[in-house]
Amino acid sequence: MSWDVGHEFEPQSYAVTRADLIRYAGASGDFNPIHWSDRVATSVGLPGVVAHGMYTLALVGQALVAWVGDPARVESFGARFTKPVVVPDDDEGTWVDVSGRVTGVEDGLASVELTVTNAGTKVLGMTKATVRC
Amino acid sequence: MALDPALTGRVFAPTAPYTVSREKIREFAEATRSALFGDGDVAPLTFPIVVAFQAMAEFLAQPGVGIELRHVVHGDQRFEQSRPVRAGDTLTGTLQIDSLRAAAGMDMIGTRTEILSVEGEHVCTAYATLVHRAGGA
């Protein structure tokens, strides 16, 4: 594990399907219908069913754990949900890609900035984590 | 419906104690493609949202708030964790309104949920901004 400033972590890529969103609704308790009903999603102005912002952030969490090894090392993390991840009703779904790099190291804490995209478009803003190194 | 500015700073009653099971951790991990640690006893990093979401849902349903979930967009989310959630933890979430702001027909509701074990140990603080389209119910 390198904690040098500028170190880039191995990018992670995750598929997201409608079935994943249904599973996540049950696992998290968030049954907001915009995450499973096209009818409701379009009625509130969305292009269709969108992933829970927290689904995308969970993928960020998984990428961090893949990079740092132990979830207990993550002191804080978060993001702004800037663009919806639209998940089509087909077998392939869509993809979320997560990359990250070390932007600072101080007092045993590393700052990590992440880039999270869906089909090449940034979907999260201010995606940052602080990790004990 | 604009929200009452007096809600700022208000602290709501804690959620009912929630006991974390290995099965729930596995279900959450499988849904989010997350690796399991400690024989499946350690929850994925965003697991505390289960408790925080309950606290947010209870706030939205409060008399005088009455916001429907479908009219709410999650603006941002941040976690500060003292330690990961583990199987066997019994957790409560106490939500407080940090800020309220109206802009472009939206209510921006800044919330903070302190997630503690029933023994009083701090596990995590979850910060969320909820964006409510004021035109909706």
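**Two chains and how they meet**

Student: Is A119(A) buried or exposed?

Tutor: This is a predicted model, so everything here is computed from it. A119(A) has a relative accessible area of 69%.

Student: Where does A119(A) lie in chain A?

Tutor: A119(A) isn't a glycine, yet its phi is positive, about 50°. As for its place, A119(A) sits in the loop between β4 and β5 (121–122) of chain A.

Student: D107(A) isn't a glycine either, so what is its phi?

Tutor: Look in the loop between β3 (94–106) and β4 (109–118) of chain A, where D107(A) lies. D107(A) is exposed, at 75% relative accessibility. Its phi is positive, at about 50°.

Student: What covers the buried residues of α1(A)?

Tutor: The buried residues of this helix include L21(A), Y24(A) and A25(A). Part of their cover comes from chain A, and part from chain B. The cover includes β1 (12–16), α2 (38–43) and α3 (53–68) of chain A, and, from chain B, α1 and α2.

Student: OK, on to the interface. How much area is buried between chain B and chain A?

Tutor: The contact takes in 36 residues of chain A and 31 residues of chain B. On the side of chain B, R33(B), L45(B) and R70(B) lose the most area to chain A, together 24% of what that side buries. Carbon and sulfur atoms give 60% of the buried area between the two chains, which comes to about 2900 Å².

Student: How many salt bridges does the rule find across the interface of chain B and chain A?

Tutor: Polar contacts between chain B and chain A come to 14 residue pairs. One of the salt bridges joins the side chains of E30(B) and R23(A), at 3.2 Å from N to O. Across the interface, the number of salt bridges found is two.

Student: Which element gives the most to the side of chain B that touches chain A?

Tutor: α1 (22–31), α2 (49–60) and β2 (72–81) of chain B each supply at least two residues of that side. By class, that side has 13 nonpolar, nine polar and nine charged residues. The element that gives the most, with nine residues, is β2(B).

Student: In β2(B), what is the bridge partner of S76(A)?

Tutor: Strand β2 of chain A (residues 74–81) runs antiparallel to β2(B), and five bridges join the two. S76(A) is in β2 of chain A and is buried, at 13% relative accessibility. From chain B, S76(A) touches F79(B) and E80(B). Its bridge partner in β2(B) is E80(B).

Student: Last one: which residue's backbone oxygen does the side chain of R132(A) reach?

Tutor: R132(A) is in strand β6 (residues 124–132) of chain A, and it is partly exposed, with a relative accessible area of 30%. It touches residues of both chains, among them R73(A), G108(A), Q81(B) and S82(B). At 2.6 Å, its side chain reaches the backbone oxygen of A72(A).

Technical notes: Residues are numbered from 1 along each chain as its sequence is written. Chains are lettered from A and ligands numbered from 1 in the order in which they are written. This is a predicted model: local features need pLDDT of at least 70, side-chain atom pairs count only at pLDDT 80 or more; totals for chains, interfaces and linings use all residues. Side-chain values use heavy atoms; hydrogens and water are left out. Helices (H or I, at least four residues) and strands (E, at least two) are DSSP runs, numbered from the N terminus. Buried means under 20% relative accessible area, exposed over 50%, partly exposed in between (1.4 Å probe, protein chains only). Contact means heavy atoms within 4.5 Å. A polar contact is a pair of N or O atoms within 3.5 Å; within protein, one must be able to donate a hydrogen and the other to accept it, and residues adjacent in sequence count only if both atoms are side-chain atoms. Buried area is the accessible area (1.4 Å probe) that two parts lose on being put together, summed over both. A salt bridge is a side-chain nitrogen of Lys or Arg within 4 Å of a carboxyl oxygen of Asp or Glu. Ala, Val, Leu, Ile, Met, Phe, Trp, Tyr, Cys and Pro count as nonpolar, Asp, Glu, Lys and Arg as charged, and the others, Gly among them, as polar. Two strands pair if DSSP finds at least two bridges between them. Lists of a residue's contacts leave out its neighbours within four places in sequence.
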